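Work through each task before reading its solution.

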Amino acid sequence: PSITADKYWENQHMFGENRETGHATYVPYPSVAAMKADAAYYATPWVEPQSDLRISLNGTWKFKFSESTSSRPTSFYLENFNSSSWDDIPVPSNWEMQGYGTPIYCNEQNPFQNNPPKIGNPRGDYGSNPVGSYIREFEIPRSWDGKRIFVNFGGIYSAAFIWVNGEYVGYTQGANNDHEFDITDMARTGTNRIAVQVIRWSDGSYLECQDMFRMSGIFRDVELLNTPSTAIRDHYITASFTPDFSKAEVNVALTLDDRDRTIRCKQMTVRLVAPDGTPVGEKTCTLTGHDRTENVRFTVENPELWSAETPALYTVEVIQHDNRGKEEMAFSTKYGLREVKIDGPLLYVNGKRVFFKGANRHDTSPLHGRAVTTEEMLTDVLMMKRNNVNTIRTSHYPNAARMYAMFDHYGLYAVD
């Protein structure tokens, strides 16, 4: 659609356009050696990854603030648009914390007229649904030619349109979810331009009415990811146990993305590594067909069980090979072997009754608003552990992926 098309942000049937289906978090590497060389991320996957198949778009963007949707720029996404007179803004950030618009704290009432799915005149002097328009340039290396390129936004309040090199990419809402798009056909080797227009309030804001500060903008990480044109797109790990927990069966479900229908099959190697680094097992499998799933199973004798008191994490390594058997992509995921059951009013973890000693948590920083830094996330987690808190309630919305990695590593139960 054109930028002046129907108001997607007031259409309860429109949640996104051209957006990728959700999948498990992973960072691709060109080989196992490259994956292992990034030792910090391999061990603690909340630090900044160092991979040739990932480019961070965090940093300084050009920015234009508009008081209303009717006054927003409508041609800024074109390649020849001159944004030199625009302000600079850091991404990720909330624009209210950078001096634009007003941060709003309220609980049960919406800060706009209650007339879903419409966004009416706001309550108070908050502006008439402000808009932030963003532009930045980035470089694509020649080594990414012939592969698939995705752009991922970790969080945007509240709705956004995206363009690359003047071409429409898609629309998204659902502020705290990942927003990922395939930009292979728009991107090119060398210099590229991405443009994003963020609408402060959307029909989704009715579901995001929570007891918190309301802020806007691209508030979580933005990154580019490069994968083979046919590649593993999702992985789902589960575990089951014998009654005495002396044996575990670990299942890794791998889903292939061959959206171009160009390759009939791909060979994968899956490895399971114990918390101390000892290999547990290695399996190979062949995936055939787009969106097909293959299950890879491991038996673990005397497994180390994960709990808040003993947060032992196994590592699952997935290696994809090209048609000559050469490694073309690898990634790893931490996984805690545990069984959670509810029996009447009681909850059991690994057969033992658990008492939740928890706290609500919002993404909140006195300096950065909702754009919480990794250091601030880690401070929250360590503070909880040092005060014998074992549970985090994420207060109605998904946290950033790196925060769940901290929960796994240090031992915190997560409740939505």
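**Exercise 1.** Is Arg271 buried, partly exposed or exposed, and what is its relative accessible area?

*Solution.* The model is predicted, so local features need pLDDT of at least 70 and side-chain atom pairs count only at pLDDT 80 or more, while totals for chains, interfaces and linings use all residues. Residues are numbered from 1 along each chain as its sequence is written, and side-chain values use heavy atoms, with hydrogens and water left out. Buried means under 20% relative accessible area, exposed over 50%, and partly exposed in between (1.4 Å probe, protein chains only). Arg271 has a relative accessible area of 25% and is therefore partly exposed.

**Exercise 2.** Describe the salt bridge that Arg271 makes with Glu317.

*Solution.* A salt bridge requires a side-chain nitrogen of Lys or Arg within 4 Å of a carboxyl oxygen of Asp or Glu. For the side chains of Glu317 and Arg271, the N to O distance is 3.7 Å. Next, locate the partners: Glu317 lies in strand 23 (residues 314–321) and Arg271 in strand 20 (residues 265–273), 46 residues apart. Strands (E, at least two residues) and helices (H or I, at least four) are DSSP runs, numbered from the N terminus. Finally, Glu317 is buried, because its relative accessible area is 2%.

**Exercise 3.** Where in the chain are the partners of the salt bridge between Asp363 and Arg220?

*Solution.* The side chains of these two residues, Asp363 and Arg220, meet at 2.8 Å, N to O. Asp363 is in the loop between strand 28 (358–360) and helix 3 (374–386), and Arg220 is in the loop between strand 16 (217–218) and strand 17 (222–227), so the pair links parts of the chain 143 residues apart. Both Asp363 and Arg220 are buried.

**Exercise 4.** How many salt bridges does the structure hold, and which residues do shared partners join into one network?

*Solution.* The total is 25 salt bridges. One of the pairs is Lys341 with Glu339, whose closest N and O atoms are 3.9 Å apart. Lys341 is partly exposed, at 48% relative accessibility. The network consists of Glu20, Arg148, Glu180, Asp182, Arg233, Asp257, Arg259 and Asp260.

**Exercise 5.** Why is the protein described as being as compact as a globular protein of its length?

*Solution.* First, the inventory: four helices and 30 strands. The radius of gyration is 23 Å, close to the 22 Å that the globule rule gives for 416 residues, which means that the protein is as compact as a globular protein of that length. The radius is taken over C-alpha atoms, and the rule is 2.2 Å times the number of residues to the power 0.38. Buried residues make up 52% of the 416.
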